[in-house]
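Dear colleague,

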Amino acid sequence: MADKIRCKWCIGIDIYEKYHDEEWGVPVYDDQKLFEFLILETFQAGLSWITILKKRENFRKAFDNFDYKKVAGYDDEKIQGLLNDAGIIRNQLKIKAAVSNAKAFITIQKEFGSFADYIWKFTDGKPIINDLKNQSEIKAATPLSETISKDLKKRGFKFVGSTVVYAHMQATGMVDDHVADCWKRTDSNLIS
């Protein structure tokens with residue numbers, strides 16, 4: 001893979017390159033994986049993504065493999081245990097948000113059949129492929145991420161501002177922001 005041209009934000013850090021090559025911008029329709037990225041993105045708020053990637057396996061263990069049904073049932077004792085877990089980001093508001101977000105996630109599943117059906121309806125079920133020449137054109141948020149953010153907040157989600165939502169959209173392939181010369185770019189589906 002060393003000979004492949006990648007988006008500049010990931011170059012030179014193995015864990016970033018692996019994430020870029022295998023996950024970033026790849027469409028995700030599996031609810032558990034969507035919940036995993038939701039947890040990780042909400043914990044990333046105000047921090048760098050590399051910090052979260054380095055702790056991802058710790059998060060996986062701490063949050064029962066991102067099983068949203070289990071997370072929704074976390075009690076005060078489990079929350080205290082998470083607050084004492086040096087392997088994750090020990091932010092009480094974010095930990096409590098993970099629990100309330102899991103409950104809201106399940107409510108959405110009941111209403112729409114799956115969280116994937118709910119979230120992907122915002123893009124008509126297919127990725128938005130952006131025509132980006134270079135990294136400076138990648139946005140932190142968009143009007144669509146703002147719309148989704150407002151809807152999630154209305155449904156009880158926390159730590160889901162427009163920037164967090166856009167990062168989630170990128171991570172789960174709702175948006176493909178690979179730049180023009182990146183080997184992962186989907187040229188055949190460019191939207192002008």
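Helices here are DSSP runs of H or I with at least four residues, numbered from the N terminus. This is a predicted model, in which local features need pLDDT of at least 70 and side-chain atom pairs count only at pLDDT 80 or more, while totals for chains, interfaces and linings use all residues. Residues are numbered from 1 along each chain as its sequence is written, and side-chain values use heavy atoms, with hydrogens and water left out.

A residue belongs to a lining if it has an atom within 4 Å of a pocket point, a pocket being an open set of points on a 1 Å grid where a 1.4 Å probe fits, with protein on both sides within 12 Å along at least five of seven lines. The largest pocket holds about 380 Å³ of space, and among its 15 lining residues Trp9, Trp24, Ile138, Ala167 and Gln170 are the closest to its centre. Helix α9 gives the most to this lining, with four residues.

Rings of Phe, Tyr and Trp (its six-membered ring) pair if their centres lie within 6.5 Å, and planes under 30 degrees apart count as stacked, over 60 as edge-to-face and the rest as tilted; the count comes to 18 aromatic pairs. Phe35 and Tyr68 have ring centres 5.8 Å apart and planes at 70°, so they are edge-to-face, and this pair joins helix α2 to helix α4 across 33 residues. Phe35, Tyr68, Phe105, Phe112, Phe115, Tyr118, Phe122 and Phe157 form one aromatic cluster.

With best regards

Note on methods:
Grid points are joined across faces, edges and corners, and a volume is the space filled by probe spheres set on the points. Helices (H or I, at least four residues) and strands (E, at least two) are DSSP runs, numbered from the N terminus.
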